[in-house]
Amino acid sequence: MADQTNHNQAGEVAPSTVDKQAPSVAEENAPSTDSPEATDLPTANAPDPNAAKPTATPPKREKPAAAAKAAVGEKPAAAAEEKPAAKAAKKEKAPSVEDKPFVEFIEQDYLPALQKAIAQQGVQDLQVSFAKQKVPITGFESAEECWQIIGSWKETGARQFNLYFPEEDIQGKKGFSCNEGKKPSTLESFLIDERKITLDLLVFGLVQRLDGQKWLGIN
């Protein structure tokens with residue numbers, strides 16, 4: 001085979017035709033430094049066109065008004081309206097016997113309760129009346145008439161007590177007097193330390209006063 005390598009006269013090896021063409025081919029295909037040229041190769045800064053696009057995040061839904069109120073501990077409007085409605089549904093409290101007109105209360109409630117309480121103490125001949133008259137005490141002759149409860153024993157009529165209501169009000173001022181065959185000389189205050197007078201208290205107070213007089217039971 002003949003040697004394809006050319007030798008010059010000095011014995012140096014001359015470059016082949018391929019070697020002579022290599023630089024020119026490389027220079028023609030090399031990118032120019034004057035202007036950028038797009039290539040098909042992906043770079044670190046350019047996004048890959050074949051990569052999957054991220055899915056868009058759906059917008060958050062706002063909570064309904066009721067749910068938002070519940071989140072902060074606030075009751076819904078419907079629940080707030082139930083409370084006043086429940087109060088309105090309750091029956092109104094019935095008026096007490098003490099709220100009756102004065103005369104009606106004494107005649108219908110106090111006198112029957114007083115007679116029953118004194119009878120339970122062993123007194124069976126008590127007579128009780130209710131009248132508006134002068135105070136039968138020395139020194140009160142010029143005073144106006146006032147409502148009084150007068151109690152006396154039938155068999156021993158010498159014993160008598162009077163309960164006075166000068167203001168025609170069980171919550172107002174009250175007085176007491178008692179005597180045994182003589183005109184009473186002293187007018188006592190009655191239940192003055194009590195803030196509110198009730199039927200039971202009015203009965204108990206008078207029974208206690210008569211018992212202190214030793215007029216009840218075996219006295």
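Strands β1 and β2 run antiparallel and are joined by 8 bridges. Here strands (E, at least two residues) and helices (H or I, at least four residues) are DSSP runs, numbered from the N terminus, and two strands count as paired if DSSP finds at least two bridges between them. Within this pair, Phe130 stands opposite Ile149 in β2, and Ser129 stands opposite Ile150 in β2.

Residues are numbered from 1 along each chain as its sequence is written, and side-chain values use heavy atoms, with hydrogens and water left out.

The pLDDT is the predictor's confidence in each residue, on a scale from 0 to 100. For this chain the average is 73, and 56% of the residues score at least 70. Residues 4–13 have a pLDDT below 50, and this stretch has 6 contacts in the model beyond near neighbours in sequence; a contact means heavy atoms within 4.5 Å. Residues 17–22 also have a pLDDT below 50, with 1 contact beyond near neighbours in sequence. Where pLDDT is low, the predicted coordinates should not be read in detail.

The overall plan can now be considered. The chain contains 5 helices and 5 strands, and along the sequence they follow the pattern α-α-α-α-β-β-β-β-β-α. Of the contacts with a separation of 6 or more, 45% are between residues 24 or more positions apart. Buried residues make up 23% of the 219 residues; buried means under 20% relative accessible area, exposed means over 50%, and partly exposed lies in between (1.4 Å probe, protein chains only).

The 5 strands form an open sheet in the order β1-β2-β3-β4-β5, with antiparallel pairing. Because β1 and β5 stand at the edges, each with a single partner strand, one side of each is left without a neighbour in the sheet. Strands of a sheet pair through backbone hydrogen bonds, either parallel or antiparallel.

The sheet may be followed from β2 onward. Strands β2 and β3 are joined by 6 bridges, and Trp147 stands opposite Phe165 in β3. Another 6 bridges join β3 to β4, where Leu163 stands opposite Phe176 in β4. Finally, 2 bridges join β4 to β5 (residues 188–189), and the bridge partner of Gly175 in β5 is Ser189.

Strand β2 deserves attention of its own, since 8 of its 8 residues are buried. Cys146, Gln148, Ile150 and Ser152 point one way from the strand, whereas Trp147, Ile149, Gly151 and Trp153 point the other way. Ser152 counts as buried because its relative accessibility is 17%. Leaving aside neighbours within four places in sequence, Ser152 is in contact with Asp125, Leu126, Gln127, Arg159 and Gln160. Strand β4 is also mostly covered, with 5 of its 6 residues buried.

In soluble globular proteins, nonpolar side chains tend to be buried together.

The expected span of a helix is 1.5 Å times one less than its number of residues. The 14 residues of α5 should therefore span 20 Å, which agrees with the 20 Å between its end C-alpha atoms. After α5 comes Lys214, whose phi is positive, near 65°.

How values were computed:
Predicted model: local features only at pLDDT ≥ 70, side-chain atom pairs only at ≥ 80, totals over all residues.
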